[in-house]
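These are my notebook entries from going through the model piece by piece. I wrote down what I looked up and what I found.

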Amino acid sequence: MGDALHVALLLADATVRVATPLVLAAFAALYSERAGVVDIGLEGKMLAGAFFAAAVASSTGNPWLGLGAAVAASVALALVHGFACITHKGNQVVSGMAINILVAGLAPTLAYAWFRQGGQTPLLPGEARLPQIHLPGVEALSGIPLLGPVYRELIDDANVLIWLTVLLVVATHWVFTRSRFGLRLRAVGENPSAVDTAGLSVTRLRYQAVIITGVLTGIAGAYLSTAHGAGFVRDMTAGKGYLALAALIFGKWRPWPTLFACLLFAFTDAVQVRLQGVPLPVVGVIPVQFIQMLPYVLTVLLLAGFVGRAVAPRASGVPYVKER
Amino acid sequence: MKTTPMPQHPPALETRGVNKWFGANHANRDVSLAVPKGTIHGVIGENGAGKSTIMSIVYGYQPADGGSILVDGRPVAVRSPRDALAVGIGMVHQHFMLVDPFTVLENVLLGAEGGVTLAAGMARARAELIRLARDYGLEVDLDRPVGELPVGAQQRVEILKALYRGADILILDEPTGVLTPQETDHLFRILRALREQGKTVVIITHKLREIMELTDNVTVMRRGQVVANVATARTSREQLAELMVGRKVLLRVEKAPATPGPAVLEVAGLRVRDGAGVERVKGVGLTVHAGEIVGIAGVSGNGQSELLEALAGMRPLAGGSVRLRGEELTATPDRFTARGLRALGVGHVPEDRQRVGLVTGFEAQECAILGHHGDPAFNGRLLMDRRALFDRCAAEMDAYDVRPRDPRLPAANFSGGNQQKIVLAREMERNPDLLLVGQPTRGVDIGAIEFIHRRLVALRDQGKAILLVSVELDEIRALSDRILVMFDGRLVGEVAPDEADERRLGLMMAGVAEAA
Amino acid sequence: MAQDAAQGVTGRGFGRPGEVPGWVGFALLPLLNLLAALVLSGLVILVIGENPLDVLALLVTEAVGYPEAIGYTLYYTTSYIFTGLAVAIAFHCGLFNIGGEGQAYLGGLGAGLVGLALTGWPWPVAALGAVALSALFGAVWGAVPGWLQARRGSHIVITTIMFNFIAAAIMTYLLVDVLIRPGSQSPETREFDPGVWLPTMDRALGWFGVAIPASPLNLSFLWALACCALFYLFLWRTRWGYEIRTVGRNERAAVYAGISPARNIILAMAISGALAGFVGVNEIMGVQHRILLNFTGGVGFVGIAVALMGRNHPVGIVLAALLFGVLAQGGGQVSFEYPTVNRELVMVIQGLVILFAGALENLFKPRVEALFRRRAGGTAHG
């Protein structure tokens with residue numbers, strides 16, 4: 001019994017750690033895509049964030065400066081995306097792709113030139129990483145069954161960015177349902193003409209949305225290299241940007257289902273790590289690759305309407321051009 | 001006669017010498033008009049006369065290339081809809097500017113939220129909207145998503161949006177095009193109520209009947225220019241029509257009486273659903289004989305478009321039968337397709353040539369074989385015969401006087417009339433037994449209209465059957481040998497063109513009178 | 001006089017007054033976009049502390065400066081032509097195929113299976129078999145997203161991205177658990193029988209007594225050029241190509257013309273996948289002679305840059321593929337000479353080219369065209 005609880009807690013802990021950057025990136029895309037700007041450049045922005053966070057944290061010893069650099073770099077890329085797609089009405093998919101490839105080259109190039117460690121940054125010492133938050137009362141609660149271990153293993157000593165992510169989820173829900181900004185954001189993704197004729201600037205709203213996307217992907221990147229990891233390694237994001245995109249679609253472009261999808265994808269990853277080579281009843285050993293591809297297969301099935309139906313914001317992917 | 005009597009106080013809205021270019025198209029030429037306060041003002045003109053453009057400029061949706069706008073006698077700088085709303089100008093666009101998944105309340109609130117959070121504004125808006133609804137007869141369920149509302153109710157939401165933002169001047173662009181007669185009456189009652197409360201209303205339309213029924217004054221536009229400002233009471237439909245078109249309107253095509261032959265197309269019980277699953281054609285039966293033109297009249301949106309596309313094989317049938325030269329087609333599904341019907345000698349000039357009849361990025365010669373690209377005349381075993389293609393297109397361009405006569409020029413580079421000629425040449429030169437024609441002269445200049453009409457009559461005189469759909473009553477009356485009237489997905493009556501006066505047709509199109 | 005002058009200009013093929021000559025679109029603008037990408041790449045090189053002009057000079061020398069280098073450059077070019085054509089044909093049908101990477105990967109599986117199976121057979125048979133099976137595998141991997149788009153309405157961009165990951169997972173599984181050389185630790189198959197290897201160009205030319213230095217360049221280069229010609233003929237000279245282009249330009253007009261958008265979307269994606277699959281012939285049958293992990297290394301994505309630069313036309317695609325071949329080969333060599341530069345620098349240039357030639361194509365276009373309109377208009381009136 002105690003053993004089962006221990007395994008469950010380990011799985012939950014791993015799920016939360018893996019889910020955090022996914023949630024950050026998926027919610028980043030939520031803002032941009034609900035405003036009508038498709039963003040497949042999450043991967044690149046996260047990678048840029050990861051690199052600049054680690055590079056600055058390594059040079060200055062201050063992880064917060066690293067976080068700031070990550071956000072700045074990622075927002076800069078988001079502005080490039082906005083410049084191409086909003087100002088110049090360029091193809092949003094092409095722009096996202098360009099950013100991904102650009103950063104996939106740029107991050108190791110700069111890392112190579114600056115640190116001479118084969119495209120990595122040096123290993124970060126503890127104080128150059130984003131801190132975990134130690135909560136009081138672990139000892140006091142440890143006697144209580146269930147709550148005690150849950151508190152100790154799962155909630156205590158969580159990284160500051162995990163808490164920030166929790167805050168982000170709640171805030172996003174509030175923004176989308178209760179705030180003026182959320183109303184306008186949702187409107188501009190469904191019918192930009194309605195927003196324009198209501199006396200609001202489509203361009204401004206969409207820029208605001210992509211900037212938020214940049215901030216959040218930057219934080220996601222910083223989490224990878226200065227919170228979860230201890231330094232930048234090449235191809236650090238390893239497809240997490242695309243996985244976040246899949247989670248957003250799987251969550252039908254809504255905050256709570258998107259959060260659920262991120263947790264689900266992270267959970268399959270946690271299970272997959274634990275299941276390597278372990279035979280299951282009936283099916284035997286499941287090759288780990290099959291579990292790894294599950295999120296992608298699920299997304300394909302969902303998009304094809306075999307499991308539910310995901311309908312994108314109506315104006316997403318379409319540059320806004322005034323009618324004559 | 002040419003000027004509106006000057007009221008004591010300055011006009012609620014005035015434009016002076018407004019100009020607007022779209023590329024090479026001079027859409028507005030020194031447009032000056034004045035709308036007295038507390039009146040309903042009509043702006044009338046043909047398609048492309050520039051009436052929507054001038055109102056878009058007034059609303060700040062399009063920037064002007066010169067000229068000035070005055071509200072209550074004071075010059076105002078309207079650079080965006082926000083500026084327009086700030087000086088009390090509201091607009092109901094032809095295509096509604098609504099967010100479908102949003103509730104009515106959310107739509108009204110958008111851009112006028114009254115705070116960073118929504119709750120307070122929502123409560124305020126709800127109270128205000130209930131008051132507006134009571135005062136002007138603008139009833140609508142505030143908590144329904146607008147996408148679920150009928151168009152008439154959606155339009156009321158648009159009016160509410162403008163009033164909630166404090167509009168004193170309300171501009172409506174072609175507001176009745178999508179409305180049923182009942183909804184139109186409802187709208188007119190609302191507009192009169194607005195006038196009684198001292199609001200100023202501008203209505204853009206190309207329908208003479210509405211101008212005569214509703215407005216106090218009318219501005220007539222033609223080719224981007226204002227050609228007259230008159231008091232409605234001192235003018236007549238005939239005079240307005242002449243002003244709109246620029247000459248005596250005698251849309252009469254020289255043609256001999258028809259000598260109908262055997263039935264070519266026989267349709268019975270035809271039903272068609274649109275993409276959303278709504279039944280748009282609700283059991284239509286008709287016959288077209290060789291050597292006659294049968295015209296279908298009706299207000300746009302009553303199922304004519306769907307009927308025509310279904311008969312051309314572009315839409316699946318939900319029921320009914322179609323016989324061509326006595327042969328049942330619907331029993332064999334692979335023949336009742338766009339490709340199959342073409343092979344059986346059915347030509348189709350679609351309503352929207354830019355989006356359906358042509359591929360604007362293609363060369364003219366490629367457009368000239370659209371739908372016939374599998375024809376052996378243009379194909380070897382594997383490769384197409386570019387020479388044959390070029391020659392065919394050049395020949396058609398000669399026959400139909402298409403300018404410039406350059407088969408390699410992209411279709412987008414031709415004018416509307418010449419594009420239409422390319423389509424007509426393609427469909428008519430293949431000698432179809434049955435020609436389906438939708439809006440053959442929409443957006444076409446007057447010279448080309450006469451040419452197209454003569455061609456259609458000539459085809460009839462060769463003994464071909466022609467089914468014509470047009471929302472231009474004059475065109476229907478000038479060309480048709482028999483007129484069928486369509487309303488709400490059904491044919492509600494048949495009239496001979498010489499007994500089809502506008503009043504009677506109008507009543508039938510509105511669904512209020514059956515043919516005698 | 002002015003009238004005559006204007007007509008004279010028209011007659012000499014400079015276009016109508018106020019119209020932009022064709023070469024602006026297919027030569028000047030791509031060059032401007034390339035220039036912008038190169039200038040920014042130069043800035044990156046400055047940032048890492050090197051002289052951009054020196055790096056560029058070395059890069060070009062190492063890519064085309066001597067015969068062996070040219071062989072390597074053309075070897076890269078071969079794969080880029082395949083993926084460039086793959087992206088282009090999907091573009092012509094109005095589709096954005098980001099799945100070239102996965103289709104190439106599976107194409108390599110197809111080619112590799114032929115290589116493994118045909119031990120002892122003559123190489124021409126193996127070559128034909130590899131072309132057929134890589135095309136088939138790639139086509140299936142392209143057609144399924146095509147089918148999902150056409151019949152189920154799932155967005156092709158997302159589906160093809162997902163299919164890249166699914167392909168990667170499948171290939172890893174196959175190489176780790178199924179096809180792995182018995183007793184081996186690294187996830188790759190055994191080497192094929194040397195008799196079925198696709199001959200390298202130096203060997204093939206050797207048969208005719210022409211001696212060139214050895215390089216990975218192999219016969220699939222000729223197949224890539226043949227594909228370009230076939231691509232042109234198919235798309236612009238056959239009714240099937242006409243149908244695909246109609247669907248891509250205007251789906252409603254296609255329906256009007258009795259052309260099935262769904263069928264053509266699936267067809268275009270199948271052809272696209274097959275073209276990408278040919279990368280497998282070049283890499284697996286021509287160079288690696290075994291199936292191994294991640295042999296595609298981003299060719300599918302470079303294909304996007306190639307198609308955008310090449311304006312989706314085979315001639316442009318060959319030129320753009322050549323350019324990226326130069327970058328790949330030269331960039332790799334530069335990283336040996338400069339301790340601060342590594343080969344990822346090439347991806348920076350690729351990314352920037354995609355950005356300027358694709359997403360920012362409207363950056364220069366209106367200005368340049370306006371310039372030419374004014375000039376042409378000025379001639380007409382003057």
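**Domains of chain C.** I began with the spacing of the two domains of chain C in this predicted model, and found that their centres, taken over C-alpha atoms, are separated by 33 Å. The domain assignment gives domain 1 as 1-50 + 364-382 and domain 2 as 51-337. I then looked up where they touch, and noted that 6 residues of domain 1 of chain C are in contact with 7 residues of domain 2 of chain C. Sorted by class, the domain 1 side of this contact holds 4 nonpolar, 1 polar and 1 charged residues.

**A helix pair in chain C.** Next I turned to helix 6 (residues 123-152) and helix 7 (residues 156-178) of chain C, whose axes come within 9 Å and cross at roughly 145°. I recorded the crossing of helix 6 and helix 7 of chain C as right-handed. From helix 6 of chain C the residues that meet helix 7 are Trp141(C), Pro145(C), Leu148(C) and Gln149(C), and on the helix 7 side I listed Ile156(C), Thr159(C), Thr160(C), Phe163(C) and Ala167(C). The residues of this contact divide into 6 nonpolar and 3 polar, with no charged residue.

**Chain A against chain C.** For this interface I noted that 39 residues of chain A are in contact with 40 residues of chain C. On the chain A side, the elements that give two or more residues are helix 3 (63-87), helix 4 (92-115), helix 11 (240-250), helix 13 (288-292) and helix 14 (294-303). Helix 4 of chain A gives the most to this side, with 15 residues. I also wrote down the classes for the side of chain A that touches chain C, which are 26 nonpolar, 12 polar and 1 charged.

**Chain B against chain C.** I looked up the other partner of chain C as well, and found 21 residues of chain B in contact with 14 residues of chain C. Helix 10 (338-343) and helix 11 (353-357) of chain B each supply at least two residues of the chain B side. That side of chain B divides into 11 nonpolar, 7 polar and 3 charged residues.

**Domains of chain B.** Chain B is divided into domain 1 (13-245) and domain 2 (263-353 + 431-509), and I noted that the C-alpha centres of these domains lie 34 Å apart. Where they touch, 5 residues of domain 1 of chain B are in contact with 5 residues of domain 2 of chain B. The domain 1 side of that contact has 1 nonpolar, 3 polar and 1 charged.

**A sheet in chain B.** I traced an open sheet of 6 strands in chain B, with the order 6-7-8-3-9-10 and mixed pairing. Strand 6 (89-92) and strand 10 (225-231) of chain B each have a single partner strand and stand at the edges, so one side of each is left without a neighbour in the sheet. On average, neighbouring strands of this sheet are turned by 20° against each other, direction ignored. I then checked strand 7 (residues 169-173) and strand 8 (residues 200-205) of chain B, which run parallel and are joined by 5 bridges, and I noted that Leu170(B) stands opposite Val201(B) in strand 8. Last, I followed helix 5 (residues 151-164) of chain B, which lies across strand 6 and strand 7 of chain B and runs at about 170° to strand 6.

Terms used. Residues are numbered from 1 along each chain as its sequence is written. Chains are lettered from A and ligands numbered from 1 in the order in which they are written. This is a predicted model: local features need pLDDT of at least 70, side-chain atom pairs count only at pLDDT 80 or more; totals for chains, interfaces and linings use all residues. Two residues are in contact if their C-beta atoms, placed from the backbone, lie within 7 Å. Helices (H or I, at least four residues) and strands (E, at least two) are DSSP runs, numbered from the N terminus. Ala, Val, Leu, Ile, Met, Phe, Trp, Tyr, Cys and Pro count as nonpolar, Asp, Glu, Lys and Arg as charged, and the others, Gly among them, as polar. Two strands pair if DSSP finds at least two bridges between them. Axes are lines fitted to C-alpha atoms, for helices over the stretch in contact, and angles run from 0 to 180 degrees between N-to-C directions. Domain bounds come from an automatic or database domain assignment. A crossing is left-handed if the near helix is turned anticlockwise from the far one by less than a right angle, and right-handed if clockwise.
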